[in-house]
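Let's take a walk through this structure together, from its inner spaces to its charged pairs. Have the model open beside you as you read.

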Amino acid sequence: MTTDPAKSIPAFYAGQSILLTGATGFLGKVFIEKVLRSCPDIREIFLLMRPKKGFTIKERLKEILNLPLYERLREERFSIFEKLIPISGNVSEKELGLSDADRQMLIERVTIIIHGAASVRFNDSLKHAILSNTRATRDICILAQSMKNLKALVYVSTAFTHVNNPFIEEKMYPPIADWRKMIDVAESLDEHTLNIFTAKCLDYAPNTYIFSKNLAESVIQDYSFSFPCAIVRPSMVYPSMEEPFPGWVDNIYGPIGLTIGGGKGIIRVAYGNKDVIEDIVPVDIVINAILVVSWKIGVTTFSAGSIFVSNCTSQKPMTYQSIGLICFVVVDEVPLEGNVWIPSVTFIDNFTLFYLLTMLLHILPATLIDMILNFSGRRPILVRLQRNLYVANRAVGYFACNDWKFSNTNSLALISSIPPDNRDLFSFDYSDFNIKEYLTNCVIGVKKFLLHEDMNRLDAARAHKKSMQEFLTCHFLPLMSRFNMVATSTQES
């Protein structure tokens, strides 16, 4: 095996010290597993973490390493977890909440930074979004400036950072606002005052998340004269395709929550355009892209002000309707437990109509069912659940109603530059994947890791679905089909 870092990705990472932010997030956990398994000669990975709910950072790390995600590593090379070093910090605090001792240790030892931490809630206050996403990126860059042996800084952005462009290229764009002024404003004004100015500040950004990530890219650009850096822009991140096994997911975020709602029959209508591309990318593909980008800029001669940008987006674009139809075939074969209705969702891009049908098909039945649960002495849950799903649908609705195309010139060039011996482990080309097989693994992953459903109960789930379908076919479906016809004809008109 070659030891030339330019010709071997594992050789490049051998002896390196990585600082990872966002270690407790979906991407961060998969990143840790991939590096430890594929680059075992790494020196160490510093994990920026904060104590939470009475758990210390060491206790949090121990809990994370007990996840099924790390089962293979636990069995084959348990001692490699000693290379994980939790560091107490918080991206929402100034200077990342680092102690002086930890800061000095990072300055002396870190050679690669993967900045993946972010507050991803679309409804965050402007103040919190700027402090967590924009200021934290600035503070990471200030820290990076002090690192004498830094080979690469990779910032994990989002493919939707520049939504005012219908065709998003792999390049830097002018920011919405001056990031320095916005950080000053966020630090000096209180939440209430800042909320008054939110709509004016956001300009074309649909929410505070996109706005703060847009500014963060500008931060990276301004600091790119000091050290080698790159930006990776993933679209909607979905469960793993292959690594460490198909279907890994541990987070009920917007799109996944809506998928569960649709699969259980809880969601009947969704805010979105059925003909818009649902741009999804598996989490392990994103991790491979980050690792290859870091390797590439790490073995390339540093050029001040140069930023490598990679759009990590769908390599097999499909519309919401196309993916939805496949998903409903899958949940017919592998049904979720406790279905309340036959899985079927109508996409509606007229918000008024969507709201009316939500009240009629979601909130009204949920209210009636909760009343029955209340009278029978059980805890009512459906109205609260429907409200949460409505908020999630509103949040992703902007992206489900608008279409963008993404350049992938840099990504294709990067894939072709991967050393032949490393392609099986690090390639992020998945253009020939089987979408139905992938979505089946996603549903199985949701059942096992999010809903904790036993796959041995699959026959019982199928029987429940069949009996429910027979009941609904006789009593309710003729009436509901009229509502769907009204919704479709109203949209077309």
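The paragraphs below go through cavities, then a surface patch, then salt bridges.

This is a predicted model, in which local features need pLDDT of at least 70 and side-chain atom pairs count only at pLDDT 80 or more, while totals for chains, interfaces and linings use all residues. Residues are numbered from 1 along each chain as its sequence is written, and side-chain values use heavy atoms, with hydrogens and water left out.

Let's begin with empty space. Rolling a probe the size of a water molecule over the atoms shows where empty space is left. Here a cavity is a set of points, on a 1 Å grid over the protein atoms alone, where a 1.4 Å probe fits but cannot get out; its lining residues have an atom within 4 Å of a point. Grid points are joined across faces, edges and corners, and a volume is the space filled by probe spheres set on the points. Searching the whole structure this way turns up four cavities of 30 Å³ or more.

The largest cavity has a volume of about 530 Å³. It is lined by 30 residues, and Y238, P255, L258, T259 and E278 are the closest to its centre. Helices (H or I, at least four residues) and strands (E, at least two) are DSSP runs, numbered from the N terminus. Elements that give two or more residues to this lining include β8 (236–238), α13 (320–333) and α15 (382–401), but α11 gives the most, with seven residues. What classes of residue make up the lining of the largest cavity? There are 24 nonpolar, five polar and one charged residues, where Ala, Val, Leu, Ile, Met, Phe, Trp, Tyr, Cys and Pro count as nonpolar, Asp, Glu, Lys and Arg as charged, and the others, Gly among them, as polar.

The second largest cavity holds about 70 Å³ of space. Among the residues that line it are E278, K316, F433 and Y438. Strand β10 gives the most to this lining, with three residues, and the lining as a whole divides into nine nonpolar, one polar and two charged.

Now look at the surface, where L360, L364, L368, M371 and F375 form a nonpolar patch with about 520 Å² of accessible area together. Such a patch joins nonpolar side chains (Val, Leu, Ile, Met, Phe, Trp, Tyr) within 5 Å, from residues with over 30% relative accessible area and no salt bridge. Areas come from the Shrake-Rupley method with a 1.4 Å probe, and for residues only the protein chains shown count as cover. L368 sits in helix α14 (residues 351–375).

Finally, the charged pairs. With a salt bridge taken as a side-chain nitrogen of Lys or Arg within 4 Å of a carboxyl oxygen of Asp or Glu, the count comes to 19. One of them joins E243 to K34, with the closest N and O atoms 2.9 Å apart. This pair links distant parts of the chain, 209 residues apart: E243 is in the loop between β8 and α11, and K34 is in helix α2 (residues 26–38). Are these two residues buried or exposed? E243 and K34 are both buried, meaning under 20% relative accessible area, with exposed over 50% and partly exposed in between (1.4 Å probe, protein chains only).

A salt bridge also pairs E76 with R72, at 3.7 Å between the closest N and O atoms. E76 and R72 are about one helical turn apart because they lie four residues apart in helix α4 (residues 71–76).

Note on methods: 1 Å grid on protein atoms, 1.4 Å probe; cavity = no way out; pocket = protein on both sides within 12 Å on 5 of 7 lines; lining within 4 Å. Patch = residues over 30% accessible without salt bridge, like charges linked within 9 Å, V, L, I, M, F, W, Y side chains within 5 Å.
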